[in-house]
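I am keeping these entries as I look things up in one structure. The sequence and the model come first, then my notes.

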Amino acid sequence: MHCPATLLLTSAPTDEGGVTALVDRLRGELVMAVVAAPDVPGAARLAEVLDTSLETDAAFAAVPDRDALMGVADLHRGETVVVLTPGQEGSEGGSGVRRVELGDSF
């Protein structure tokens, strides 16, 4: 039996204020990686502030499908990962964080 991965799906922050707001929302989470499409504004800064790795994948340039999310979950069993998705994010942190736990039953 595998431990599920916890994916925290949210829009990418576009500036320093957005990074700060997202880090505040993630307070208390032990984030092991940030996953985003290549060249997503704010992704590298978020990973830096969270003191974790940044993993890039072109599959996240659009809203990720089940296969893309399962790929991340398979690589991060038992871990918590922030997945940055396309959306209308700004310095005020307009969208929330959606928690998805993916294991064998997904």
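**Entry 1: charged side chains**

I looked up D24 and found it partly exposed, with a relative accessible area of 41%. My cut-offs are under 20% relative accessible area for buried and over 50% for exposed, with partly exposed in between (1.4 Å probe, protein chains only). This is a predicted model, in which local features need pLDDT of at least 70 and side-chain atom pairs count only at pLDDT 80 or more, while totals for chains, interfaces and linings use all residues. Residues are numbered from 1 along each chain as its sequence is written, and side-chain values use heavy atoms, with hydrogens and water left out.

I then asked which side chain D24 meets in a salt bridge. The partner is R27, at 2.7 Å from N to O. I count a salt bridge when a side-chain nitrogen of Lys or Arg is within 4 Å of a carboxyl oxygen of Asp or Glu. R27 has 62% relative accessibility and counts as exposed.

How many salt bridges does the structure hold? I noted 5.

I looked at R45 next. It forms a salt bridge with E16, and the closest N and O atoms are 3.1 Å apart. This pair links distant parts of the chain: R45 sits in helix α2 (residues 43-50) and E16 in helix α1 (residues 16-25), 29 residues apart. I take helices (H or I, at least four residues) and strands (E, at least two) as DSSP runs, numbered from the N terminus.

R45 also forms a salt bridge with E48, with 3.4 Å between the closest N and O atoms. Here both residues lie in helix α2, 3 residues apart, which is about one turn of the helix. I wrote the three down as one network of salt bridges: E16, R45 and E48.

Are these three buried or exposed? R45 is partly exposed at 32% relative accessibility, and E16 is partly exposed at 41%. E48 is exposed, with a relative accessible area of 54%.

**Entry 2: V19**

I found V19 in helix α1, where its relative accessibility of 2% counts as buried. Which residues does V19 touch, leaving aside its neighbours within four places in sequence? The contacts (heavy atoms within 4.5 Å) are P13, G42, R45, L46 and V49. V49 is 30 residues from V19 in sequence, yet the two C-alpha atoms are 8.3 Å apart in space.

**Entry 3: the sheet**

I traced an open sheet of 5 strands with mixed pairing, in the order β3-β2-β4-β1-β5. β3 and β5 stand at the edges with a single partner strand each, so one side of each has no neighbour in the sheet. On average, neighbouring strands are turned by 25 degrees against each other, direction ignored. I count two strands as paired if DSSP finds at least two bridges between them.

β2 and β3 (residues 53-56) run parallel and are joined by 4 bridges. I located two of the facing pairs: V35 stands opposite E55 in β3, and A36 has T56 in β3 as its bridge partner. As a reminder to myself, side chains in a regular strand alternate between the two faces of the sheet.

I also checked T10, which is in strand β1. T10 is buried, with a relative accessible area of 2%. Its side chain reaches the backbone oxygen of G96 at 3.1 Å.

**Entry 4: helices on the sheet**

I followed the chain through β2, α2 and β3, which make a right-handed β-α-β unit. Right-handed means that, with the strands pointing away from the viewer, the path from the first strand over the helix to the second runs clockwise. α2 lies across β2, β3 and β4, at about 175 degrees to β2. Axes are lines fitted to C-alpha atoms, for helices over the stretch in contact, and angles run from 0 to 180 degrees between N-to-C directions.

α3 lies across β1, β2, β4 and β5, running at about 130 degrees to β1. Which residues of helix α3 (residues 66-75) are buried? I listed A68, L69, M70, V72 and A73. These buried residues pack against β1 (5-11), β2 (31-36), β4 (80-85) and β5 (98-102).

Methods: Polar contact = N/O pair within 3.5 Å; in protein donor to acceptor, adjacent residues only side chain to side chain.
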